[in-house]
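These are my notebook entries on one chain, written down in the order in which I looked things up.

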Amino acid sequence: MKKIPYIVLTLTFLFTSCQSNSQSTKKENTQNITPIQTEAINGLERAYFASGCFWCVEAIYESVKGVKESISGYSGGHTENPTYESSNTGRTGHAEAVEIYYDPEVVSFSTLVDIYFGSQNPTQINGQGPDHGSQYRSIIFYQNDEQKKIIDKKKEALGKKLNRRIAAEVVPFQKFWKGEAYHQDYERRNPNSGYIRNISIPRLKRFQLKFPELIKEKH
């Protein structure tokens, strides 16, 4: 995500992104793949989502009560050890994704799915906002049948409500690859970035206005 500096961003920021030279990748058949169930760590469970630029999604989930950590990385592809440069071509099959560590006593998986659909344009295919390409496609990863049922039910209900096709893929979780260090907490560490100011922060604020009861108190 080598963003254009804010000083030269102006009106062109709408047409730039987490940088995209991607080519569409062939979708794999996931019907017969058994999802991997992750183990809880110190009482925290994990969930995995892809919804455009991971800088944006990481910040959204980290603002939620019960979410202890949100990590940017890659998932959903067919290559080992993906990097930002390789995934950005669209040829690895990976999407920019986040790994969420959450306390199920405070926030449920079902609520995390509500947050997912409520913090994006759920009908945009292969991207969010100005970020276009298969590496920015929307994916919800499930780890068991119960999670898949929750996702499918909410996706179907949203499609009926909007009378539109919902873009998110529902995929069995296999592996998450942690992204490069400079991607972690990017929004918090780079508040003056043109992309952060014009795309990421407005997306975060729209989400927070929609779900005020879920937002952590500021200290």
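**Entry 1, the chain as a whole.** I began with burial and noted that 51% of the 219 residues of the chain count as buried. The model is a predicted one, which I keep in mind throughout. I then listed the secondary structure and found six helices and eight strands, which follow one another along the sequence in the pattern β-α-β-α-β-α-β-β-β-α-β-β-α-α. For the contacts in the chain with a separation of 6 or more, I looked up the share held by residues 24 or more positions apart, and it is 77%.

Which residues touch the most other members of the largest nonpolar core? In this core of 39 residues they are Phe-49, Tyr-61 and Leu-112. I went on to the elements that give two or more residues to the core, and these are the strands S1 (45–50), S2 (67–75), S3 (95–102) and S6 (139–142), together with the helices H1, H3 (109–118), H4 (145–162) and H6.

I asked how many of the nine residues of H1 are buried. The count is eight, and H1 is thus mostly covered; the buried residues are Phe-54, Trp-55, Cys-56, Val-57, Glu-58, Ala-59, Ile-60 and Tyr-61. I noted that a charged residue, Glu-58, is in this list. The buried residues of H1 pack against the strands S1, S2 and S3 and against the helices H3, H5 (186–189) and H6.

I then took the pair of H1 (residues 54–62) and H6 (residues 194–210), whose axes lie 9 Å apart at an angle of about 35°, and H1 passes H6 in a right-handed crossing. On the H1 side the contact involves Trp-55, Cys-56, Val-57, Ala-59 and Ile-60, which meet Tyr-195, Ile-196, Ser-200, Arg-203, Leu-204 and Phe-207 of H6. By class, the residues of this contact divide into nine nonpolar, one polar and one charged.

I checked for disulfides and the structure holds zero of them. For Cys-56 the nearest cysteine sulfur is that of Cys-53, at 4.4 Å; because a disulfide requires two cysteine sulfur atoms within 2.5 Å, I record Cys-56 as being in no disulfide. Is Cys-56 buried or exposed? Its relative accessibility is 2%, so Cys-56 counts as buried.

H3 packs with H4 at an angle of about 35°, the axes being 10 Å apart, and the crossing is right-handed. Phe-109, Ser-110, Val-113, Asp-114 and Phe-117 of H3 make this contact with Gln-147, Ile-150, Ile-151, Lys-154, Lys-155 and Leu-158 of H4. The residues of the contact divide into six nonpolar, two polar and three charged.

Tyr-84 has its place in helix H2 (residues 84–87) and is buried, with a relative accessible area of 3%. I also looked up the distance to Glu-96, which is 12 residues away along the chain, and the two C-alpha atoms are separated by 8.6 Å.

Last, I turned to backbone angles, with the reminder that most residues other than glycine have a negative phi. Asn-126 has a positive phi, near 55°, and sits in the loop between H3 and strand S4 (127–128), where its relative accessible area of 26% makes it partly exposed. Asp-185 also has a positive phi, near 50°, and has its place in the loop between strand S8 (176–178) and H5.

Definitions and conventions
Residues are numbered from 1 along each chain as its sequence is written. This is a predicted model: local features need pLDDT of at least 70, side-chain atom pairs count only at pLDDT 80 or more; totals for chains, interfaces and linings use all residues. Side-chain values use heavy atoms; hydrogens and water are left out. Axes are lines fitted to C-alpha atoms, for helices over the stretch in contact, and angles run from 0 to 180 degrees between N-to-C directions. Helices (H or I, at least four residues) and strands (E, at least two) are DSSP runs, numbered from the N terminus. A crossing is left-handed if the near helix is turned anticlockwise from the far one by less than a right angle, and right-handed if clockwise. Contact means heavy atoms within 4.5 Å. A nonpolar core is a set of buried Ala, Val, Leu, Ile, Met, Phe, Trp, Tyr and Cys residues joined through side-chain atoms within 4.5 Å. Buried means under 20% relative accessible area, exposed over 50%, partly exposed in between (1.4 Å probe, protein chains only).
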